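Student: Could you walk me through some features of a protein model, one at a time? I would like the general idea and then the case at hand.

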Amino acid sequence: MKPSFICCSAMLASYGPCASAWGTLGHATVAQIASNYLTAQGKSYVAGLLGPGVTMPSIASYADTFRYTADGKFSAPYHFIDAEDNPPTSCGVDLGRDCGAGGCVVSAIANYTQRVNDGRRTLANRKQALEFLIHFIGDITQPLHDEAEALGGNQIAVTWQGQPTNLHATWDTQMVENDAGGGNTTAVLLAFASRLQAAIDTGAYASQKATWVSCVNVNTASACALQWAQDANAYNCQYVLKANETGQELSGSYYTGAKPIIEIQIAKAGYRLGAWINALAAAA
């Protein structure tokens, strides 16, 4: 049976609370947008690795499921990079300073970019590498996944529509789902992805999109990923951590300011992921 997008939520829930950049809906939206920008060669490449009938959105949260298994514990640090900066006064990512001994999202993107086209590896290894890339290129565009402050906002207690949560979780899930217009359903996913793609193609992002893929050289994957992390991290000074939101209700004015950041970052991730896969397919 073809994997469904919605099943990812249930699988994740079985492993308890976790910080999943953009949440299930956000990651699936990134993958859906990317799939719409694949070349014929890129589509064939993805099908050859994922298998017939397996869509990118359906496996976009595989890396989050895997990290909470005994076999996947090693991959937990690959979802973020802990920028030891000082928001809101100064923001920045330094690879040597911020990527821990166990790795980080920047080094993971570089590593799995190399592994996915390594013909010496098994098909299963290469499939997993692509699944990781689909997820990590989403992770790296969530500003709080490029930040050490308060464990990327996980330690900042806030409320969302009266319910206790934390700042990181609101960026991962609640604000994304609210923006998309509902919960984790395929209809919501497709409508949200379509809205963001329209902005990329002919709307507010049309004049910017070329800059989003200014670095898509798979031979310099670490440099490209670092550039993406720095781009997302800047939002922590500009808005995400600009004020002390501890104890605040975020569904009002804070959400209003966050919404355009969420939309452009998910759009960037999808557009970049499509370009990255096309580049991988061309290099294979």
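Student: Is Ala-150 buried, partly exposed or exposed?

Tutor: Buried means under 20% relative accessible area, exposed means over 50%, and partly exposed lies in between, with a 1.4 Å probe and protein chains only. Ala-150 counts as partly exposed because its relative accessibility is 21%. Its place is the loop between H7 and E1, and its phi is near 50°, a positive value in a residue other than glycine.

Student: Before we go on, what should I know about the model and the numbering?

Tutor: This is a predicted model, in which local features need pLDDT of at least 70 and side-chain atom pairs count only at pLDDT 80 or more, while totals for chains, interfaces and linings use all residues. Residues are numbered from 1 along each chain as its sequence is written, and side-chain values use heavy atoms, with hydrogens and water left out.

Student: How do strands E1 and E2 pair?

Tutor: Two strands pair if DSSP finds at least two bridges between them. Here E1 (residues 157-160) and E2 (residues 163-166) pair in the antiparallel sense over four bridges. Ala-157 stands opposite Asn-166 in E2, and Trp-160 stands opposite Gln-163. The hairpin has two residues between the strands, and Gln-161 takes a positive phi near 50° in it.

Student: Which residues does Thr-165 touch?

Tutor: Contact means heavy atoms within 4.5 Å. Thr-165 is found in strand E2, and is buried, with a relative accessible area of 18%. Not counting residues up to four places away in sequence, Thr-165 touches Ile-156, Ala-157, Val-158, Thr-159, Trp-160, Thr-170 and Gln-174.

Student: How do helices H6 and H7 cross?

Tutor: Axes are lines fitted to C-alpha atoms, for helices over the stretch in contact, and angles run from 0 to 180 degrees between N-to-C directions. The axes of H6 (residues 105-116) and H7 (residues 123-139) come within 9 Å and cross at roughly 150°. Among the residues making the contact are Val-105, Ala-108 and Tyr-112 of H6, and Leu-130, Phe-132 and Phe-136 of H7.

Student: How many residues of that contact are nonpolar, polar and charged?

Tutor: Ala, Val, Leu, Ile, Met, Phe, Trp, Tyr, Cys and Pro count as nonpolar, Asp, Glu, Lys and Arg as charged, and the others, Gly among them, as polar. The contact of H6 with H7 divides into 11 nonpolar residues, one polar and three charged.

Student: Which residues touch the most other members of the largest nonpolar core?

Tutor: A nonpolar core is a set of buried Ala, Val, Leu, Ile, Met, Phe, Trp, Tyr and Cys residues joined through side-chain atoms within 4.5 Å. The largest one has 83 residues, and Met-56 and Trp-171 touch the most other members. Helix H12 (residues 253-283) gives the most to this core, with 15 residues. Leaving aside neighbours within four places in sequence, the contacts of Trp-171 include Trp-22, Leu-144, Tyr-239 and Ile-261.

Student: How far apart are Ala-21 and Val-176, in sequence and in space?

Tutor: They are 155 residues apart in sequence and 10 Å apart in space, C-alpha to C-alpha. Ala-21 lies in the loop between helix H1 (7-13) and helix H2 (23-35), and is buried, with a relative accessible area of 0%.

Student: Finally, which peptide bond is cis?

Tutor: The one from Pro-87 to Pro-88, with omega near 0°. Pro-88 lies in the loop between helix H4 (62-67) and helix H5 (95-98).
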